[in-house]
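Please work through each task before reading its solution.

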Amino acid sequence: MENIIKTQDLMFYYSDISDEEQQEQEENAPKAEKKMIFEDLDLEIEKGSFTVILGHNGCGKSTLAKHFNAILMPCGGKVYSAGFDTSDEEKLFDIRKRVGMVFQNPDNQIVASVVEEDVAFALENMGVEQGEMRRRVDDALKAVGMYDYRLHAPSQLSGGQKQRVAIAGIIAMRPSCIVLDEPTAMLDPTGRSEVLKTVRRLNREEGITIVLITHYMDEAAQADRVVVMEEGKIILDDRPENVFSNVELLQDVGLDVPQSTQLMYMMKQNGFDADTHIINEKEAADFLFELFKRQVN
Amino acid sequence: MMIKTEKLTYTYSQGTPFEKTAVNGVDLEIEEGTLVGIIGHTGSGKSTLIQHFNGLIKPTSGKVFIDGEDIYDKSVNIRDVRFKVGLVFQYPEYQIFEETVFKDIAYGPKNMGLGEDEIKERVMQTAELLGISPELMERSPFELSGGQKRRVAIAGVMAMRPKVLILDEPTAGLDPKGRAMIFGQIRDYHEKSGSTVLVVSHSMEDVADFAQKILVMDHGKKFCYATPPEVFARAEEISAIGLSVPQVTKIFSLLREKGIDIRTDVYTVPFAVKTIKEYLEKEGQLP
Amino acid sequence: MIKDITIGQYFPGDSPVHKLDARFKIVITAIFIIMLFSADNFISLGAALLFFVLSFAVSKLPLKLILKSMRPIVPVIVITSLLNLFFIDGVTVISIWKINITQQGLRTSLFMIIRLIALISGSSLLTYTTSPITLTDAIEQMLKPLEKIKFPAHELAMMMTIALRFIPTLIEETDKIMSAQKARGAELDSGTFIERGKALIPILIPLFVSSFRRAEELALAMECRCYNGGEGRTKLKVLVSGGSDFAALCTAILFWCAVLLLNVYTYL
């Protein structure tokens, strides 16, 4: 399968001094000032996939995401997005058009005071012709189910609706990939499920690659693939059911597992022959039903 | 009775086309020292309700009694009520303003007119409870991490040692580790101070875990106020009003649908394991 | 409560005035203001007023809106009229103690009041019938030619757009911070002037901090959506002008001419 994003020996650190200053004093450069975020990180995101990057706050997952559309540049190694090297400044807008980014706070990424004008913002910047723009804006709003709200002011919308408008503003660019950096962290459960449903549908129906950064387990459970990060390293990378079966490891790094998995894990500890690859309530109920049928008669 | 409301009603923008009743005829009695979880979705009136308890919002009709005193009576100084009932808002770190962590936590106690020694003792004690180390006290609060800032802001209200502490979604936006930490600290505070603590949350799983009583709000009305087992025995009704019940509770509801005669008021994982064992002991045999 | 402040003053509607191209509306408002200031006597001022009354009637706005827009300038009107009333020499009409009220004084004072009221109502009519966003667009397009001499027309318009977008957000935020500080015992509505000023610090600092954070995040989000300044930008909504816009403009100019002609009465 083709990759949409690929990192190769990616290294990144924050340093107290700027790059130029660093170059000036290259010889006696104080290495100790650097705060290493990751070293030799290799990750490939398949085109059309739905990948969740999971980790607690400060594990480097947001920093990684910012490399995907050239907000941050690698200090070492390479990042290829949509086939372009992100360090190639000429290709900046080519990358951002193809790999869109949605952020955590829905309020701070909406520019205009009318929903449809905000969705048009990227297209206006790209110089898209008016008729085409109208079509794309309408399509994008319909794709996130916000078409009826196109003339509303953002301040009249709920958190989940605002975040869907932000997503529409990205898909209007017709990207092949959307990176969402904790888009649900500030939302209530209704808003969270709205956003997640939208994202899943875009993945399935429009074939858009989704990279979702989150610390919510129930969201990760819906992905094709879960990448767990801890201190700038990838510690698990597999299908969700396989990732969550590592209950102890996940709890060690401060993450939760779905309650269904936790139940299976505790049953196992209590001497039952339980399967910790179970990640949702339906599978868990099926498992218990079979168990009861076997034991009760 | 620590908190008591009588037919509490609040209507926004009364007399305009935007009129909306946020809290509708709520009768509530919360005993002193209870750790209460308040659940309801956005717009259910839970945030409006709690702002009545410390005099930030005046009811359109009805009464609020704190510790037996009608707080909206003319003879009552509303500022004293605010010191008696501490309220921590959502994302409280955005209210931080002082130069040092110490000064920010001390802001509330200082407004109470306490002496310097008393303030210092309270600030240090609260900081310790919330795991804010002493070397951070002279640092600027703006240099701290998100989780640390949140704890400083919570400490600022706890240091006022209110008889009632109310927290509006204290863990919003935090990761599981941060959530567990803050819930643990709230529980510690409740145990040590013996005061009444109200925690508003969206997460039924979190509330199920620590609350002694749960208040469920729906469309401005009190849906129920009861102990967790009593609340989760009504899991289906709760799902029907659009609130999610814990995943384990759903598992047991599903089993019942499949014709298994098992209790459905299960709301934590250890309790679920216990229930499964009991069922097997009664009905068949343990493997 | 702070939430009650209305911003933008826009009063949506479907009248011919609402439908006019915003650029023309700005120009017409400017002509109206010039009209008011070029009127020398009550008759020519009357002609200018007639123009306003006609426009207002066509706009189908409720009369109380105009009264509402007067409220904040009542003190200005009172002071100007009093100054004119007492300090203009001429034929004394009434004399109280040492102050003489003259015929000329009365006349000028009345003239000023009418002119001021017309001025405010005229510009209010513009903001009542044009949404702030359209107004921003219009200003941007009108200033566009100035970009040749390095005037930052696009940047100015973008700043206005963002300001409009964030006003409700910041009002809500201020409300929240005020409640939070009140809950910590802040006294916001009592005390001396200095005490009240000091009490604002716990509100202003968090507000500034959060505004900076918002600005930073917004800038990043804008860059991610390929924002690169005004060059090569297209617009979702393009302002179009038609026959009715030119007709309205011509009417305004005709009224202005009428005002100038009627000014001759002063010299008769």
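**Exercise 1. Salt bridges within chain A**

Task: State how many salt bridges the structure holds over all chains, and examine the pair A:D218 and A:R192.

Solution. 
Step 1. In this predicted model, 46 salt bridges are found over all chains.
Step 2. One of them joins A:D218 to A:R192, with 2.8 Å between the closest N and O atoms.
Step 3. This pair connects distant parts of the chain: A:D218 belongs to helix α8 (residues 217-220) of chain A and A:R192 to helix α7 of chain A, 26 residues apart.
Step 4. A residue is buried under 20% relative accessible area and exposed over 50%, and partly exposed in between. A:D218, at 41%, is therefore partly exposed, whereas A:R192, at 15%, is buried.

**Exercise 2. Pairs within one helix**

Task: Where in chain A do A:E205 and A:R201 lie, and by what part of a helix are they separated?

Solution. 
Step 1. A:E205 and A:R201 form a salt bridge through their side chains, at 3.3 Å from N to O.
Step 2. Both residues lie in helix α7 of chain A; because they are four residues apart, about one helical turn separates them.
Step 3. With a relative accessibility of 55%, A:E205 is classed as exposed, while A:R201, at 30%, is partly exposed.
Step 4. The side chains of A:D286 and A:K282 also meet in a salt bridge, here at 3.6 Å from N to O.
Step 5. A:D286 is partly exposed at 29%, and A:K282 is exposed at 53%.
Step 6. As a general principle, side chains of opposite charge can pair when their charged atoms come close.

**Exercise 3. The interface of chain C and chain A**

Task: Describe the contact between chain C and chain A by its residues, its buried area and its salt bridges.

Solution. 
Step 1. Chain C contributes 29 residues to the contact and chain A contributes 39 residues.
Step 2. About 3,000 Å² is buried between the two chains, and carbon and sulfur atoms account for 56% of it. On the side of chain C, the residues that lose the most area to chain A are C:R165, C:R225 and C:L236, which together make up 30% of what that side buries.
Step 3. Six salt bridges are counted between chain C and chain A. One pair is C:K237 and A:E116, whose closest N and O atoms are 3.0 Å apart.
Step 4. C:K237 and A:E116 also belong to a network of salt bridges that includes A:E117, A:R134 and A:D138.
Step 5. Polar contact is found in 17 residue pairs between chain C and chain A. Helices α8 (153-183) and α10 (201-224) of chain C each supply at least two residues of the side that touches chain A, and α10(C) gives the most, with nine residues.
Step 6. By class, that side of chain C has 15 nonpolar, five polar and nine charged residues.

**Exercise 4. The two domains of chain A**

Solution. 
Step 1. Domain 1 covers 3-22 + 32-254 and domain 2 covers 258-297.
Step 2. The centres of the two domains, taken over C-alpha atoms, are separated by 34 Å.
Step 3. In the contact, 10 residues of domain 1 meet seven residues of domain 2.
Step 4. The two domains bury about 750 Å² between them, 70% of it from carbon and sulfur atoms. A:E241, A:S245 and A:V247 supply 47% of the area that domain 1 buries against domain 2, more than any other three residues.
Step 5. Between these domains the count of salt bridges is zero, and two residue pairs are in polar contact.
Step 6. Helices α9 (240-244) and α10 (247-252) of chain A each supply at least two residues of the side of domain 1 that touches domain 2; α9(A) gives the most, with four residues.

How values were computed
Residues numbered from 1 in each chain as written. Chains lettered and ligands numbered in written order. Predicted model: local features only at pLDDT ≥ 70, side-chain atom pairs only at ≥ 80, totals over all residues. Heavy atoms only, no water. Contact = heavy atoms within 4.5 Å. Buried area = accessible area lost by both parts, 1.4 Å probe. Salt bridge = Lys/Arg side-chain N within 4 Å of Asp/Glu carboxyl O. Polar contact = N/O pair within 3.5 Å; in protein donor to acceptor, adjacent residues only side chain to side chain. Nonpolar A, V, L, I, M, F, W, Y, C, P; charged D, E, K, R; others polar. Domains from an automatic or database assignment. Buried < 20%, exposed > 50% of the residue type's maximum accessible area, 1.4 Å probe, protein only.
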